[in-house]
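Subject: Structure handover, strands and sheet

Hi,

Here is the structure for your files. My notes on the strands follow below it.

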Amino acid sequence: MLEQLYFAMEVFLNGLMAGVLYALVALGFVLIFKASGIFNYAQGVMALFSALTLVGIMDGQVPFSHIINATFGTDIHHFGWHVPALFAIFGTVIVMVLFAWIVQRYIFRHLVGQEPIILFMATIGLAYFLEGVGDLMWGSEIKKLDVGLPQGINDTIDQVTYEMFGYGFFIDNLDIVATVVAVLLVIGLVIFAQYSKEGRAMRAVADDHQAALSVGVSLNFIWIMVWSVAGFVALVAGIMWGTKSGVQFSLSLIALKALPVLMLGGFTSIPGAIVGGLIIGVGEKLFEFFMSSSALAGELFGFTISATENWFAYVLALIFLVFRPQGLFGEKIIERV
Amino acid sequence: MLDNSESYVTEDGRTIGGVVMEMKNITLRFGGVVAIKDISFDIREGEIRAIIGPNGAGKSSMLNVISGFYVPQEGEVLFHGKPRPQLRPYEVAQQGIARTFQNIALFEGMTVLDNVMTGRLNKMSSGLLAQAIWRGKAEKEEIENREKAEKIIDFLEIQHIRKTPVSRLPYGLKKRVELARALVSEPSILLLDEPMAGMNVEEKEDMSRFILDVNDEFGTTIALIEHDMGVVMDLSDRVVVMDYGKKIGDGTPSDIRNNQAVIDAYLGVAHD
Amino acid sequence: MFYREAGDFKTSYTDDNQTFPIKFDRYRYYVVLAIAFGVIPFLINDYWANAFLLPFLIYSIAAIGLNILTGYCGQVSLGTGGFMAVGAYACYKLMTSFPDVNIFFHVIAAGGVTAIVCTAFGLPSLRIKGFYLAVATLAAQFFLVWLFNKVSWFYNYSASGQINAPERFVFGVPVTGANTDAWATYLFCLVFLTISAIIARNLTRGMQGRKWMAIRDMDIAAEIIGVNPMRAKLSAFAVSGFFIGISGALFFAVYLGAVEVGEVFGIQKSFLVLFMIIIGGLGSIFGSFAGAAFLVLLPVVLKLIGVDFLGWPTDIVAHFNLVIVGALIIVFLIAEPHGIAQLWRVAKEKLRLWPFPH
């Protein structure tokens with residue numbers, strides 16, 4: 001019995017860690033949404049693209065080598081050098097800023113004032129586009145990403161908990177690092193938004209475009225900056241997930257996980273994104289744990305319930321939304337005629 | 001003072017009937033803000049009833065109470081002598097209260113004709129299946145209601161833009177289309193929310209003429225809010241004046257002109 | 001010159017309410033129908049049926065369904081793949097449970113089942129809107145796919161977890177199973193598409209369509225003038241589900257013959273159909289056809305150019321497909337939110353005046 005309880009606690013802790021990663025992705029959404037009203041579906045693909053770019057730069061891959069080879073019959077793949085992780089990350093950040101500029105200049109500048117749902121659909125188009133470009137540039141095979149983050153089960157925790165409870169908790173080093181990084185990132189972002197000049201301008205834009213414009217804030221600059229920051233957050237998320245399970249297409253699907261997180265936490269709230277992420281992370285792990293381990297469920301339905309992680313978050317968020325449409329921390333929506 | 005069911009004849013020879021709708025001690029709050037404070041007045045059949053007042057007086061809130069969009073915390077609304085139960089907005093429309101909006105609320109993606117036709121939706125009853133097949137009842141109903149809609153379109157002189165998408169129309173015409181949409185439902189009370197707002201003099205004259213014509217031709221009861229005093233005085237039979245959520249005057253235009261509280265509210269009063 | 005409406009006066013509202021008020025359009029419509037029913041079945045071969053015609057017909061039905069919900073009623077749904085799966089599995093269960101009933105009725109009933117499921121998942125639309133709703137419909141997508149994957153009752157406990165369409169006949173001609181002829185499957189789907197398009201057109205030109213559009217354009221005003229928002233939205237979900245269910249049933253039974261749910265009816269399918277109506281034109285029945293044709297043809301054409309002409313490997317061509325589709329979505333949203341249908345309307349407007357535009 002006690003064993004079961006400890007196991008459940010371990011599941012809980014692991015859920016918490018997974019939740020941190022969800023929150024990290026959700027954070028990128030909230031940033032863009034607050035500043036520009038755009039619900040950026042492409043956030044997940046941005047994480048994938050930045051991770052692909054990072055791996056590409058580190059390994060000295062030649063961009064678009066597949067097409068070049070196919071068209072001209074050449075056989076080039078690598079420049080033959082390796083770039084240290086830190087420089088490669090720096091290079092990727094530059095690429096993401098460039099991407100932010102392109103997105104702003106060629107897409108969303110032409111969509112200012114459109115309805116949110118149109119903007120949302122545009123970002124779905126952007127997601128497809130970016131995914132295609134990423135695959136064409138760097139190839140679509142699964143890649144290993146190693147920027148020197150610690151991996152594997154943390155032995156210290158295992159031993160300490162074993163001595164204390166007689167049950168060793170398995171916790172991944174990477175999850176711990178991810179948690180620390182996420183916390184630092186959030187603190188950094190909050191400080192940036194509250195105390196820097198650009199951060200203040202960003203919040204002004206989020207409150208009221210017109211008013212911000214009239215006191216001399218450059219909307220264009222703010223939006224490029226926000227997309228860049230979101231690109232950076234995507235890169236961090238991409239590094240974490242990429243290290244964990246390899247850089248591959250499924251990485252872009254974490255964006256889909258972030259959506260229910262946002263519905264739960266509210267689209268406009270940074271603390272909401274974090275709390276929502278934790279709830280979803282813990283909730284889906286525990287739900288899966290109880291469903292797959294309880295004999296009762298098997299008797300009731302005549303089949304064992306498993307792999308609920310695919311939909312649990314959505315259904316939870318859906319039920320939640322019906323009762324509190326603005327999310328946990330979102331601003332109340334008031335309608336007027 | 002007249003009895004609720006009595007009717008009388010105005011100076012220009014129109015008959016004004018009994019009370020259609022009565023507001024009794026309405027109070028409306030938003031959180032701590034009191035938008036309407038203990039207001040009572042009535043609307044009689046066939047009259048043009050105006051609610052006026054400076055900005056922020058609570059006129060729009062009052063109209064939203066009449067139309068059932070806001071539910072007052074205190075007081076009751078009597079419609080045809082019976083207290084109106086709490087209704088959803090679309091149920092209010094089904095009872096025969098139609099309205100226009102201050103910031104035009106037309107369906108921008110549809111043509112003028114389709115917009116006007118939506119006003120007939122409570123008069124049509126054919127079901128989904130009948131409409132899917134389109135033969136028989138659904139088609140017949142569509143034609144009959146189209147005739148009604150065309151009559152109003154003629155009346156308000158918007159025939160030439162019948163098939164134009166609303167989004168392409170200028171402001172003044174949009175206002176007229178909105179009036180047509182409300183009118184075509186043959187309402188027992190027609191609510192107009194600042195029908196003259198943002199218009200130039202010529203458009204205002206047109207609109208005034210249409211409002212008078214509607215009242216004259218169809219005998220429609222009209223309640224309107226407006227802050228242009230001049231227009232209101234010429235149009236309406238009786239006027240309610242509101243200021244800071246309270247009623248400060250109620251009577252014929254000439255009564256109102258001589259009401260000291262109203263003059264103070266509009267011209268300002270020296271506080272000493 | 002020949003495309004004109006001068007002299008084509010309407011003397012009754014019935015005439016004015018027609019689907020094709022202009023004579024020339026009407027004749028062209030009859031010609032298209034005649035060719036589709038009378039000529040193509042004699043020319044069709046397996047390649048064209050499978051590469052273009054069948055998917056075009058079936059996706060058109062799905063696009064009409066989604067267009068009613070999204071284009072006319074303004075409720076964006078990302079659950080189309082899941083709802084198509086409901087149609088497919090309902091059709092499969094009906095086909096295997098009632099083998100004596102004609103498959104025509106199975107497909108219709110599958111549409112009915114999907115309409116019910118779709119309405120149930122439409123309930124949140126009463127509380128939430130815009131992309132909140134879009135995200136909520138994702139719940140339907142993931143939950144339904146998971147359900148069909150996990151609960152073996154749905155695939156009759158088959159070991160592979162797949163569903164396979166048994167052979168069924170219409171007038172003695174096989175339309176499902178291994179021994180079908182291209183013309184038979186084509187005609188079977190064409191009949192459904194024609195009926196669907198006519199029903200959709202009738203619904204959207206009458207009062208039901210106006211209610212939907214009123215909700216789309218301004219839901220609060222619609223409610224105040226007397227539209228019951230619950231009935232309007234849920235009826236849109238139901239009608240949309242009906243069409244999407246039919247298309248899912250045909251996609252499984254007639255086109256593919258065997259289905260593994262996660263692969264065929266995943267989230268990508270939801271996006272594909274959404275893209276069809278964006279590119280084709282939101283709020284246009286013709287746009288549903290145009291968008292389906294365009295997105296079905298695009299990979300075929302790209303494959304012809306990329307693989308057969310330039311000699312590229314297929315995966316690069318597939319990536320190019322993504323890039324082009326994504327770019328097109330953005331271009332259409334920026335430049336022409338009403339899609340191909342609007343381009344077509346503008347062209348017609350010009351033709352009407354041609355050659356004397358002033």
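In the hairpin of S11(B) and S12(B), two residues lie between the strands. There, B:Tyr244 takes a positive phi near 45 degrees. Strands here are DSSP runs of E with at least two residues, helices are runs of H or I with at least four residues, and both are numbered from the N terminus.

This is a predicted model: local features need pLDDT of at least 70, side-chain atom pairs count only at pLDDT 80 or more, and totals for chains, interfaces and linings use all residues. Residues are numbered from 1 along each chain as its sequence is written, and chains are lettered from A and ligands numbered from 1 in the order in which they are written.

S11(B) and strand S12 (residues 246–251) of chain B run antiparallel, joined by five bridges. B:Met242 stands opposite B:Lys247 in S12(B). S11 (residues 238–243) of chain B also pairs with strand S5 (residues 48–52) of chain B. That pairing is parallel, with four bridges. Pairing takes at least two DSSP bridges between two strands. B:Ile51 stands opposite B:Val240 in S11(B).

Next, the open sheet. Four strands of chain B have the order S4-S3-S6-S7, with antiparallel pairing. Strand S4 (33–44) and strand S7 (82–83) of chain B each have a single partner strand, so one side of each is left without a neighbour in the sheet. Eight bridges join strand S3 (residues 19–30) of chain B to S4(B) in the antiparallel sense. B:Val19 stands opposite B:Arg44 in S4(B).

Best wishes
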